[in-house]
Amino acid sequence: MGKQEYLSAGRFAALVGTTKETLFHYDEIGLFVPKRRGTNGYRYYAMDQMETFDVIGMLRELGMPLAEIRNYLEQRSPEKFGVLLEQEEKVVREKMQRLREMQRWIGEKKRFLAQASAECREAFEKDPFCPVGIHTLPLQYLVTNHSESADNLAVNQKIGELYAYCGQYGNRSSYNVGFVQKRETLETGNFLDYRDFYLIFDRVPAKVRYTVRPEGEYLCYYYKGPWQGIEAAYRKLFRYATEQKFLLDDRFYEEYMVDALTSQGNGTVYYENRRKNFKIDVLRREKTRFSQTFFILLLTMTQRHPL
């Protein structure tokens, strides 16, 4: 066969959608070698190698290491290729399932952000000095964790464990992390006891322990401002409840309506709850929390005093 029936590395790379450097690397590790080498050391490839390269690309796209691909190619047979296809089909199904879950999470996150923005806007338009109201909230499921220490680093570690615990069973919340405050603690003047926290799910989360936050009427206060202003927000909430003769539950839920996924700029850093970036952002909150602006929903289950 003559030289003219072979393709140079550059032409072959262009045909299969790769680079010469990739071909050279595959040659060096023995994964995909040229059909012929010229006396000048140049590599030449044949058209019938395109199918093999396509299989390598498919297996790489599925995440198979190069060493495993090379081992298969060295021992390939129709039977082994059939087994390989079955294995990779399973991988594809699992990836498709994860993508469907991601698509669902994106949809839920979009709905949450739209609802949160509308609620905040409505509350502040109604009364910018005391944005409070009664809302009927649906039943929701809370996966919780607790830190024995209120130290920021200890809390941060436990929140990371909460995300990992939920994530190992495929549970991904579209809500921002929330904190539970006990009324008895708030009444002592301690408004920063952030040792109990949770992730919210609208459906029963799989294979994890959870508690139920029941459907019912909740007294909701929308707070916007720096961290040190949270005490004033709670005091306004208590005062409003007293004036309106509301009975309040023993637990208060503190939920972040806006986080770093959605807002930044003008020197304002919003609370971030993504697991992979959580540690650095919690540390940043500790250092700069008195100059940051937060959008926080304070809520507790309520009913009116009996007449």
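Why is strand β7 (residues 196-201) largely enclosed by the rest of the structure? Six of its six residues are buried, so the strand is largely enclosed; buried denotes under 20% relative accessible area with a 1.4 Å probe, protein chains only.

## Basis of the model

The model is predicted: local features need pLDDT of at least 70 and side-chain atom pairs count only at pLDDT 80 or more, while totals for chains, interfaces and linings use all residues. Residues are numbered from 1 along each chain as its sequence is written, and side-chain values use heavy atoms, with hydrogens and water left out.

Strands are DSSP runs of E with at least two residues, numbered from the N terminus.

Strand β5 (residues 140-146) pairs with β7 in the antiparallel sense over six bridges, pairing requiring at least two DSSP bridges between two strands. In β5, His-146 stands opposite Asp-196 of β7. Strand β6 (residues 178-182) also runs antiparallel to β7, joined to it by two bridges. Here Gly-178 is opposite Tyr-198 in β7.

## Helices α1 and α2

Helices are DSSP runs of H or I with at least four residues. The axes of α1 (residues 9-16) and α2 (residues 20-28) come within 8 Å and cross at roughly 105°; axes are lines fitted to C-alpha atoms over the stretch in contact, with angles from 0 to 180 degrees between N-to-C directions. The two helices are therefore roughly perpendicular, a class spanning 65 to 115 degrees.

Ala-9, Gly-10, Phe-12 and Ala-13 in α1 meet Lys-20, Leu-23 and Phe-24 in α2, contact meaning heavy atoms within 4.5 Å. By class, this contact has five nonpolar, one polar and one charged residues; Ala, Val, Leu, Ile, Met, Phe, Trp, Tyr, Cys and Pro count as nonpolar, Asp, Glu, Lys and Arg as charged, and the others, Gly among them, as polar.

Definitions and conventions: Buried means under 20% relative accessible area, exposed over 50%, partly exposed in between (1.4 Å probe, protein chains only). Angles under 35 degrees count as roughly parallel, over 145 as roughly antiparallel, 65 to 115 as roughly perpendicular and the rest as oblique.
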